Amino acid sequence: MNGGPLFTIDDHPVLFQDGQTIMEAARAAGVYIPHLCFNPEFAPHGSCRVCLVKVNGRTQASCTTPAMAGQVVQSETEELRDIRRGILEMMFVEGNHVCPACEKSGACQLQAVAYYVGMLASPFTYFYPRRALDASHPDVVIDFNRCILCELCVRASRDIDGKNVFAVQNRGIQAHLVINTPSGKLGATTFSITDKAAQVCPTGAMMIKNQGYGSPIGSRLYDQESVKIVGDVAQVPESEGGRRHE
Amino acid sequence: MLVEPGTLGQTVEEIVQRHGSLPTRLLQILREVQDSLTWLSPEAMDVVAKALGLSPDKVCRVAEFYSFLYTTPRGSYDILFSDNITDRMLGSRQLLRYLCDKLGVGIGQPRADGRVTVGVTSCTGMCDQGPAALVNGYALTALDKPRLDRIASLVNQLAPLSEWPPEYFEVTTNIRRADILLGRHFADGAALRAVLKRGPEAMLEELVKSGLRGQGGAGFKLALKWISCRDAPGAVKYVVCNADEGEPGTFKDRVLMQEYADLVFEGMTLCGRVIGARQGFVYLRGEYRYLLEPLTVTLQRRREIGLLGKNILGEPGFDFDIDIHLGAGAYVCGEESALIESLEGKHGVPRIRPPFPTTHGYLNQPTVVNNVETFAVTAKIAAEGGAWFASRGTLESKGTKLLSVSGDCERPGIYEYPFGVTVRRVLEDCGARDAQGIQMAGPAGHTISPKQYDRRICFDDLSTGGSFMVFAKHRDILDGMRNFAHFFVHESCGFCTPCRVGTSLLCDLVDKVHTGHGARADLDEMRRLGRIMKAGSHCGLGQTAPNSVLDSLDQFPEAWMRRLRSTSYEPAFDLDASLGEARRLSGRDDPGAHLPDEYSDMVRLAGLLAEREAPLSDDERNLLGVMP
Amino acid sequence: MSKLKVATCSLAGCFGCHMSILDLDERLFTLVDLVEFDRSPITDIKQIGVCDVGIIEGGVCNAENVHVLREFRSHCNILISMGACAITGGVPAMRNRFTLKECLDESYISGMGLLDAQIPNDPEIPLLLSKVHPLHEVVKIDYFLPGCPPSADAIWTFLTQLLSGQPIALSYTQLHYD
């Protein structure tokens, strides 16, 4: 190793540049830390909490914690795996994630991260919320049942597309994604399938119409290799089963 | 009270202009619009959005976030009972039902004539003089049935609040024990004269010498915070006083703002001088709305006598002024970065930290945020010196601390003690003879059992923002735990997964056990949830939300065990009740249309078996799950 | 050593998980050397006896499901929740987005081609719960085996590890929710 400041993740030295977060430095060094609301093209958000690591003994989100020389970061410990698993278990009971009935299954980052942390089932009590489906847009359907409030579509539409199509309203367990029109319908917006916001959802909450089940079971994005190897669904080109437009 | 639709635009426009059409005043504007309209209709929000040049979703986001802002119609009289456990101890729930019956209104639903809504809200900070409530934002104290009878008739007569008996709105300060902060006279301007005479640098030295730490509970060294802000790059700096005293059971900041506002304002002005800020804000919790006018008067008086405004005390360039922002019912805004968001007119979701407010605070400028009590103390230190202050307290916790004592004691109120006082001493002084436990520092703090009464109140042992709620022996401590669990569900901002989902899951389990439907496995699940929330949550709210449950599991295991069924596992829901809808729809009521409670069958069977010595039948074996 | 007794059943499921058990193919011969099947669609035994292991697919949607599940719990030392429906409620639980009344109205009152439309009230028909639930919300579950269905390989890995007392460790391709 030469030059630059260093910290360690699970005893592996990681080089970083000033201003990088632990997540960014780890990514650059090829060290995978599971995440959902983090997307390297956007400012860190820190809401899903899946990327928790221990920094000098304190649990912190790696996507929002600046890297500093000499930090001792732990990531793949049984304790952290249990907490990450617990957070995934919470997501699965909060919404209605019916993998067998979801077209996104197999190429869903929520599912892939749950596999990665070894979630077999959620032991918690299911909420079974009653949420609507919005199929008013000609090209895209929003299934609010599958939203995990990562706000990536909110951020993409606001910061990159300049359309501000999505928002989160209310608070606490009532917090939910909404479409910014009086009718609350996506069809009434200028949203387009080519928007950045259409490419960032890590779950099946935003689905492109007139296509589906493009890859047979066994050869979908995360069927053979874990998200650690394959990467985020938003970073993989559509032709390879991901979401990124070429 | 209601405004004609035609004048809606005009009403809103006037309010917006009075606030200089500043988006940072959005929360204040929405409060005032609601004051004239009773709720925020989509049309009203649209007009506000247009007038401020904001997108409608931003306005809606704020309106939906704060619990005192309503996006559905409310009654002209909006009565909210304080729902803290101390109010409940004083009979608030019975009074709530009493008033609802009296007015013919359901909880949270406006009456058909639109005249009145009765609901509940988180602790309103009147724990020493409850049961308390708010009417159209104004505090009502010491409620009882005669008062509610009168209130019901006043509502039915459409009497304006100005015609209600003034004693209903009387808030007493109940200072039971005074030490160096509350007990010594302070001459207005003394701290400012001292800083002018000795210079900011010398003042900082005094503050270092004093060892003062943030009195809100976190205990950050005050001088370090001020120095860090002073040294942060940025031409414009701000001083923010956190008077969003939302921790249930805490009311000492209310007393300071009511009786010692000059001291607080002087501390803020001193801070302005030391860090180089010209603008200060008091973020006053919405529940203390009744203090807004008196505080505004105090600020004006201070301007008139040269303690605020331009050239303070005649010193050229010593400019500092203070604005008051009202909150609108969001506990999370007590977190300093959420408070700043709220101050900027936004919904109060805590920011990512770092950067900290001392470098990136209000409008991203360096900002000092301190608690009311902390500012009051700094003014005293400036006037009397750091050594004087440090002579009180312990090695790590200098000076004194205000405690808000409530619950089962003879003399609830404010107690000022040197740091290091034992819990036992406080209990003796307040007349709590049969305390089975204390909730310290609010639901987010520590649940203390008698074996810990010799612990000391200070940063190195029991740290606290000041809440001290006493549970007598005849109370069910789990009533408190359940109340707290519901509080956190209501107050979670919903930003991060562990807090948003965890508070609800934890609350459901507490409900389950409290209502006698829980089993051992539920306690284990509570502990695991608590671990995930503590480690995983984005801010202090979620990290501390499970504390009372976790503490009480350790300190009062028998209170939990007593509620458990003897089984190791109980279903997550009421199975028989879950058939109720189908029974109704099909008209069935045969035995097959019911699911007997396995547990009650087992209890019955165990009783029978105790009287009989015959071997078990196969059915009985099945029921008991006994292996041959 | 006597063989371990295993019982299986399907509640609010589609028997797909049982099909996956049959997909064990020739490994079934090895399995029956290790275990004896008690109540199971495989044996057609209707009454469960005392068992070491119970494997249940499907969630809980009606009163009969609750009875069978309780019976399994009280007769089995180890109870395994198998497949998406048992673990999450699965596809049957998609009716939870509607009220029971809406569901029954759609099926029995306002659906097409109905004569003398009425909601059935025959005591022979198990009464529906207002919602479909996963097994672990009704009884204690010891192990979860996800999949829709879990593949024969996953079932084989799971059972052989369980029977030999090892910790359960599914390979990456054996752990899935669909």
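# Close-up views of a three-chain predicted model

**Figure 1. Strands 12 and 13 of chain B pair in the antiparallel sense.** Three bridges join strand 12 (residues 435-440) of chain B to strand 13 of chain B. Strands are DSSP runs of E with at least two residues, helices are runs of H or I with at least four, and both are numbered from the N terminus. Two strands pair if DSSP finds at least two bridges between them. In strand 13 of chain B, His446(B) stands opposite Met440(B). Helix 23 (residues 547-555) of chain B packs on the sheet and touches strand 12 and strand 13 of chain B. The direction of helix 23 makes about 25° with that of strand 13 of chain B. Axes here are lines fitted to C-alpha atoms, for helices over the stretch in contact, and angles between N-to-C directions run from 0 to 180 degrees.

The model is predicted: local features need pLDDT of at least 70 and side-chain atom pairs count only at pLDDT 80 or more, while totals for chains, interfaces and linings use all residues. Residues are numbered from 1 along each chain as its sequence is written, and chains are lettered from A and ligands numbered from 1 in the order in which they are written.

**Figure 2. An open sheet of six strands in chain B has mixed pairing.** The strand order is 5-11-10-14-12-13. Strand 5 (175-177) and strand 13 (446-448) of chain B are the edge strands, and each pairs on one side only. On average, neighbouring strands of this sheet are turned by 25° against each other, direction ignored.

**Figure 3. An open sheet of four strands in chain B has parallel pairing.** Its strands follow the order 8-7-6-9. Which strands stand at the edges? They are strand 8 (321-326) and strand 9 (367-371) of chain B; each has a single partner strand, so one side of each is left without a neighbour in the sheet. Strand 6 (residues 238-243) of chain B runs parallel to strand 9 of chain B, and five bridges join the two. Val239(B) has Val368(B) of strand 9 opposite.

**Figure 4. Val240(B) belongs to the largest nonpolar core.** A nonpolar core is a set of buried Ala, Val, Leu, Ile, Met, Phe, Trp, Tyr and Cys residues joined through C-beta atoms within 7 Å. A residue is buried if 20 or more other C-beta atoms lie within 10 Å of its own, exposed if 12 or fewer, and partly exposed in between, with C-beta atoms placed from the backbone. The core holds 313 residues, of which Val48(B), Val240(B), Val264(B) and Ile56(C) touch the most other members. Helix 13 (residues 261-275) of chain B gives the largest share, nine residues. Leaving out residues up to four places away in sequence, Val240(B) touches several residues, including Phe281(B), Tyr283(B), Ile340(B) and Val368(B). Such a contact requires C-beta atoms, placed from the backbone, within 7 Å.

**Figure 5. Strand 7 of chain A pairs with strand 6 and with strand 10 of chain A.** Strand 6 (residues 133-134) and strand 7 (residues 140-143) of chain A run antiparallel and are joined by two bridges. These two strands form a hairpin with five residues between them. Asp134(A) has Ile142(A) as its bridge partner in strand 7 of chain A. Strand 7 also pairs with strand 10 (residues 206-208) of chain A, in the antiparallel sense, over three bridges. Here Met207(A) of strand 10 stands opposite Val141(A).

**Figure 6. Chain A is in contact with chain B.** The contact takes 27 residues from chain A and 29 residues from chain B. On the chain A side, helix 2 (78-94) and strand 8 (166-169) give two or more residues. Helix 2 of chain A supplies the largest share, six residues.

**Figure 7. Chain C is in contact with chain B.** The contact involves 22 residues of chain C and 25 residues of chain B. Helix 3 (63-75), helix 5 (100-109) and strand 6 (128-133) of chain C each supply at least two residues of the chain C side. The largest share of that side, five residues, comes from helix 3 of chain C. Glu71(C) is found in helix 3 of chain C. Glu71(C) counts as partly exposed because it has 18 C-beta neighbours inside 10 Å.

Methods. Contact = placed C-beta atoms within 7 Å.
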